[in-house]
Amino acid sequence: MVTKREILGIIIVICGALNLRRFGTETISPEVFSIGILGSLFMSLAFFSLRKTSQKNTHNLIIWCLSLAMLICSIASGGQLFYPFKYFDLPNILGVAVFGLVGQIYVTKSFALLKASIASTIALTQLLWAVVFEIIAHNHYPKPHEWWSYVFVFLGVVLLQIQKKPKISNNPNQLATT
């Protein structure tokens, strides 16, 4: 059951994320928007069943099955298994592979250990990480309204992490309640 505090945290995070698009200067074509929505929908369906699946199978097996399915779908949709690349691209390709795999392992574990609503909201902190890496790598600083969006995302995630302190009972025969 999702608590009122968790619902509030989720709403704050989503408002922060939506605020980034609201004031954005880029336009998104309907095709790109549809692809993003469909990707989000299918990932949500996968993560919805992840907790149950992870109780019966190891996280590594789940990750490798996901990777195999992605490879098969990529080839089936006209993608190439290998393509010619320049050697200076190799560090970028390996970086995507390694960081993508490690990220997927941790996302899978978080969905296995947390409620889906909480895990997916915490996963939105990727917006915060993206801006940090954008500043470090490209010296690109967000606009003032974007900073406010990131503050909302951060505050929502913090709200989700605040734990209620258990009430201590004076009766030694009664367990503490939350």
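## Packing of H7 against H8

Helix H7 (residues 126-138) packs against helix H8 (residues 144-161) at an angle of about 135°, and their axes lie 9 Å apart. H7 is therefore oblique to H8; angles under 35 degrees count as roughly parallel, over 145 as roughly antiparallel, 65 to 115 as roughly perpendicular and the rest as oblique. Axes are lines fitted to C-alpha atoms, for helices over the stretch in contact, with angles from 0 to 180 degrees between N-to-C directions. Helices (H or I, at least four residues) and strands (E, at least two) are DSSP runs, numbered from the N terminus.

On the H7 side, Leu127, Leu128, Val131 and Ile135 meet Trp147, Tyr150, Val153 and Phe154 of H8, where contact means heavy atoms within 4.5 Å. By class, this contact has 8 nonpolar, no polar and no charged residues. Ala, Val, Leu, Ile, Met, Phe, Trp, Tyr, Cys and Pro count as nonpolar, Asp, Glu, Lys and Arg as charged, and the others, Gly among them, as polar.

## Basis of the model

This is a predicted model, in which local features need pLDDT of at least 70 and side-chain atom pairs count only at pLDDT 80 or more, while totals for chains, interfaces and linings use all residues. Residues are numbered from 1 along each chain as its sequence is written, and side-chain values use heavy atoms, with hydrogens and water left out.

## The chain overall

The protein chain contains 8 helices and 0 strands, in the sequence pattern α-α-α-α-α-α-α-α. Of its 178 residues, 18% count as buried, meaning under 20% relative accessible area, with exposed over 50% and partly exposed in between (1.4 Å probe, protein chains only).

The chain exposes about 13900 Å², of which carbon and sulfur atoms supply 70%; the areas come from the Shrake-Rupley method with a 1.4 Å probe. Among contacts with a separation of 6 or more, 74% come from residues 24 or more positions apart.

## The buried side of H6

In helix H6 (residues 116-123), the buried residues are Ile118, Ala119 and Thr121. They lie on the same side of H6 because they cover an arc of only 165° around the axis, taken from the directions from the helix axis to the C-beta atoms.

Thr53 belongs to helix H3 (residues 50-56) and counts as partly exposed, at 29% relative accessibility. Thr53 and Ala112 are 59 residues apart in sequence and 8.3 Å apart in space, C-alpha to C-alpha.

Gln104, in helix H5 (residues 90-113), is buried, with a relative accessible area of 19%. Leaving aside neighbours within four places in sequence, Gln104 is in contact with Phe47, Ile63 and Leu66.
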